Amino acid sequence: MATTFAALIFRPAEIPDRALSQGFAVALGGWDVASPRLFIAPLPGVPGYSAAFYASGEPAGGGDELDHLSELFEDELSPPVAVLDAAAELGHPGATVFALVFSEDVVHDDGWRFEASGFVRHFVREGEEGVEAGVEAPDRSELVELDVDLPEGATAQEDRDATDRAIRPHRGSTFLAAELGAPVLGALMGALFAPERRVAVRLVEPGPGSIADEVARLNRVLRRDNGRGAPASSPPVRGVAPPATYAAFARAYDWADPADPEDLYRELAIGAVEGTLRFLREGELLGHDREPGWEAAAARQLYPIARLSGSALGGGAAARPDRAIVALGADGEQLWVVRGGTSAAPAGPTFGELLRYLSLGWSRRSDAEEDLIGALMLRARLRSLGG
């Protein structure tokens, strides 16, 4: 079976797993890819480098994988670009990454070098009129058809050899071999079948530690104090204990900012979380023991965390009748919008994604952060619609 793959080549010292996870998630924000896969392996023969192999994870027959890989890596916000943005955010602004999209099924060998100053691309591929080769950079773009001189009466193997000689100087893998000083294609083929580990593709990491970090980020943006007015512990609601992620949130959140006593997040629009949001205080949580109809939500092990009400500006939202409650699932990650205590629907964002969205929404955003908030909103919308 012919091999097709897309891989990033990077120095682990410059590109941590978190940059890979977030970068691919941002790049895939506008793509309907339900189960992306990212496998990491050391690159044999290329000291100091590893490879991250991406696949859409779609079932057989769900579309042409090479078409998807080509379009994704040619996109303006491609995985390498988004990974570099994430690495810079994590303290590695001078990183360089390489990428290769390759297929044996057809002639397709597309190599890239990306860094903060720009990119260089060398490729060969099958075009409408035959094999074509190209070079791209921010200030340069060339595309030519390759004239392969096939000897008269040659065997099929001789034809393949002649074609390979004609296209070899133009291959993306040839360009990368010169850049890295090693035969890259063979190393990638070996690494492809010897993955070391898998990295989940996530916009925001789950878990109590990550939630605490997201709350600290939000507090910095809002110029608030970590843990001010925090309760000693979070109470159970209708027999449902608070997930560990909520306990981490409650310890870190600023519950008593004197400059913003209403603590309203207005004009939200992320998935099904639309309108004005206010995180529930301890007394309000305890009040859910008397909330009519909340037994159904409790039976699903949902824990209420915020009230969602109308979006009108002017300060009266907290006094109006509740439209909905945002609840946290037992996994501590998934959010649900509960209406009337009985009707629960996926909210769209995860708990961590909602907190990141809030911090981005109240801050001046860089281009990379604009890409991230756009991916957060689009991915949440797809999830809330069942996609």
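## Glu214 and its surroundings

Leaving aside neighbours within four places in sequence, Glu214 is in contact with Val204, Gly352, Leu355 and Arg356, where contact means heavy atoms within 4.5 Å. The model is predicted, so local features need pLDDT of at least 70 and side-chain atom pairs count only at pLDDT 80 or more, while totals for chains, interfaces and linings use all residues. Residues are numbered from 1 along each chain as its sequence is written, and side-chain values use heavy atoms, with hydrogens and water left out.

Glu214 belongs to helix α7 (residues 208-221). Helices (H or I, at least four residues) and strands (E, at least two) are DSSP runs, numbered from the N terminus. Is Glu214 buried or exposed? Glu214 counts as buried because its relative accessibility is 3%; buried means under 20% relative accessible area, exposed over 50%, and partly exposed in between, with a 1.4 Å probe and protein chains only.

## Helix α7 against helix α8

Two packed helices are described by the angle between their axes and the distance between the axes. The axes of α7 and helix α8 (residues 244-252) come within 8 Å and cross at roughly 30 degrees, which makes α7 roughly parallel to α8. Axes are lines fitted to C-alpha atoms, for helices over the stretch in contact, and angles run from 0 to 180 degrees between N-to-C directions. Angles under 35 degrees count as roughly parallel, over 145 as roughly antiparallel, 65 to 115 as roughly perpendicular and the rest as oblique.

On the α7 side, the contact is made by Pro208, Ile211, Ala212, Val215 and Asn219; α8 contributes Ala244, Thr245, Ala248, Phe249 and Ala252. These residues divide into eight nonpolar, two polar and no charged. Here Ala, Val, Leu, Ile, Met, Phe, Trp, Tyr, Cys and Pro count as nonpolar, Asp, Glu, Lys and Arg as charged, and the others, Gly among them, as polar.

## The six-stranded sheet

Six strands form an open sheet in the order β10-β11-β12-β13-β14-β15, with antiparallel pairing; two strands pair if DSSP finds at least two bridges between them. The edge strands, β10 (265-270) and β15 (343-350), each pair on one side only. On average, neighbouring strands of this sheet are turned by 40 degrees against each other, direction ignored. Helix α12 (residues 367-384) packs on the sheet and touches β10 and β15; the direction of α12 makes about 155 degrees with that of β15.

Four bridges join β10 to strand β11 (residues 273-279), and Tyr265 stands opposite Leu277 in β11. Strands β13 (residues 324-328) and β14 (residues 334-339) also pair over four bridges, with Ala327 opposite Trp336. These two strands form a hairpin with five residues between them, and Gly332 in the turn has a positive phi of about 75 degrees. Between β14 and β15 there are five bridges; Val337 has Ala345 of β15 as its bridge partner.

Another open sheet has nine strands in the order β8-β7-β6-β5-β4-β1-β3-β2-β9, with antiparallel pairing. Strands β8 (140-145) and β9 (197-198) stand at the edges with a single partner strand each, so one side of each is left without a neighbour in the sheet. Within this sheet, β1 (residues 4-10) and β3 (residues 50-55) pair over five bridges, and Ala6 stands opposite Tyr54 in β3. Helix α5 (residues 172-180) lies across β1, β4 (97-103), β5 (108-115) and β6 (118-127), running at about 40 degrees to β5.

Helix α1 (residues 17-27) is mostly covered, with 10 of its 11 residues buried. Among them are Arg18, Gln22 and Phe24.
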